[in-house]
Structure formats: structure tokens, C-alpha cells
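Hello,

Here is the structure I promised to pass on, with my notes below it.

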Amino acid sequence: MKELADGFKRFAAKADRDFYSGLIAGQRPHTMMISCSDSRIIPEHIFDAKPGEIFILRNVGNLARTEESSVRACIDYAVKHLKVKRIAVLAHNQCGAVKATENKEHLDTEGLKKWLEQEEYTGSDLEGAEKAQAVRQLAKLKEYQTVKEALEAGRLELCALYFHLDPISMETYEDGEWRSL
Ligand SMILES: [Zn+2]
């Protein structure tokens, strides 16, 4: 508990209380992001966003597993109620979840096995596999009814992003290609 208590005290000492007070009125995020649980990947830091700007679903491997109710609930709420403008899948380099799919015998718990067994390791190297995995999530999102309807109505866009930790850089997936941001 000590790390958390100390961290909260540091945060509370310097937090902008007027800004937090304004958040009581509600949230108006512009983006829903599906990000990896990896502790090195913090969407708000990477995109210099404040609380209230990004509605985040984090899980192992940034998966859009729309057959899971927790994933569906997050998408439904973001798209139908919060009316986000986009859903972004944020992939990253050195992703342990993607690495784990290369040798599925390494998935040594029931939870990891169930969560990752449907994922395929495709591509010539780890970066290729991480990017291919992100693109597959876009395809899954497009098949989900809530997303499909919003896309057809022209009020939602989908994008995939790939974050490099070192050196820091970002790529976006557009028209079938990855490009530097
Ligand atoms: Zn990851």
C-alpha cells in the first residue's frame, strides 16, 4: 500500500483542484482507446491528455474481443452515450502479449490461455506481429453492431496507432499502410 499512499499524497498536493471540481459535471471524451495493460504504456501521458479526454479500455494485448461483455459494454457506452468521435487501438513495441502468442505453450495459466489463444502471431518479426495484431482489432471492431451503425452514420472513425518506446515515436495505420505521425 505504501507506493500507492505516497503516490496519492504527491498527486493530491499538486493537483489542480478547480480542474477536478469541474469534472464533477461529467465527461466528454473525444476518443475511446483500446490500450495494453502494460505499465509502460500510459495513453494520457503519450497523448498529453487531461482527465476526461480519453475513455480507455485496457487489457492484455489491447484486444477488441467484442465477444466479451466487458469489451462490448465499454464500446457501447463510449459510442452510444459519450458519443466519442473515434475508437483508437494503441499497440506498442516489445508487447509481452504478442510475444506470448508466438509460442502458445508459454501461455501457462487458464486466464492467459483463454484470453490470447485466438490471437495469431503473424508477420516477419515482433514489430510486424504487433502491428498485424492491431489491424486485426480494427477488423473486429468493424464487425461489431454498435460500431458498424456509427460508422455508417458517419459519426465515428477507427484508427490504429503504434507506439515505439525507444526512441519515442508514433505510427498510424492509414489506407493499408503504417506512417510516422
Ligand atoms: Zn502490450
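Six strands form an open sheet in the order β2-β1-β3-β4-β5-β6, with mixed pairing; two strands count as paired if DSSP finds at least two bridges between them. The helices and strands named here are DSSP runs (H or I of at least four residues for helices, E of at least two for strands), numbered from the N terminus. β2 and β6 (177-180) are at the edges with a single partner strand each, so one side of each has no neighbour in the sheet. On average, neighbouring strands are turned by 25 degrees against each other, direction ignored.

Two notes on reading this: it is a predicted model, where local features need pLDDT of at least 70, side-chain atom pairs count only at pLDDT 80 or more, and totals for chains, interfaces and linings use all residues. Residues are numbered from 1 along each chain as its sequence is written.

Within the sheet, β4 and β5 (residues 169-174) run antiparallel and are joined by four bridges. Y162 is found opposite E171 in β5. Helix α7 lies across β1, β3, β4, β5 and β6, and runs at about 165 degrees to β4 (axes are lines fitted to C-alpha atoms, for helices over the stretch in contact, with angles from 0 to 180 degrees between N-to-C directions).

The largest nonpolar core has 33 residues, of which I87, V89, L90, A91 and V147 touch the most other members. Such a core is a set of buried Ala, Val, Leu, Ile, Met, Phe, Trp, Tyr and Cys residues joined through C-beta atoms within 7 Å. Buried means 20 or more other C-beta atoms within 10 Å of a residue's own, exposed 12 or fewer, and partly exposed in between, with C-beta atoms placed from the backbone. β3 contributes the most to this core, five residues. V89 touches I34, N62, A64, A134, Q137, L138 and A160, leaving out residues up to four places away in sequence; contact here means C-beta atoms within 7 Å.

Beyond four places in sequence, its contacts include H92, C95 and A97. The C-alpha atoms of C36 and A97 are 8.6 Å apart, although 61 residues separate them along the chain.

Best wishes

Technical notes: Contact = placed C-beta atoms within 7 Å.
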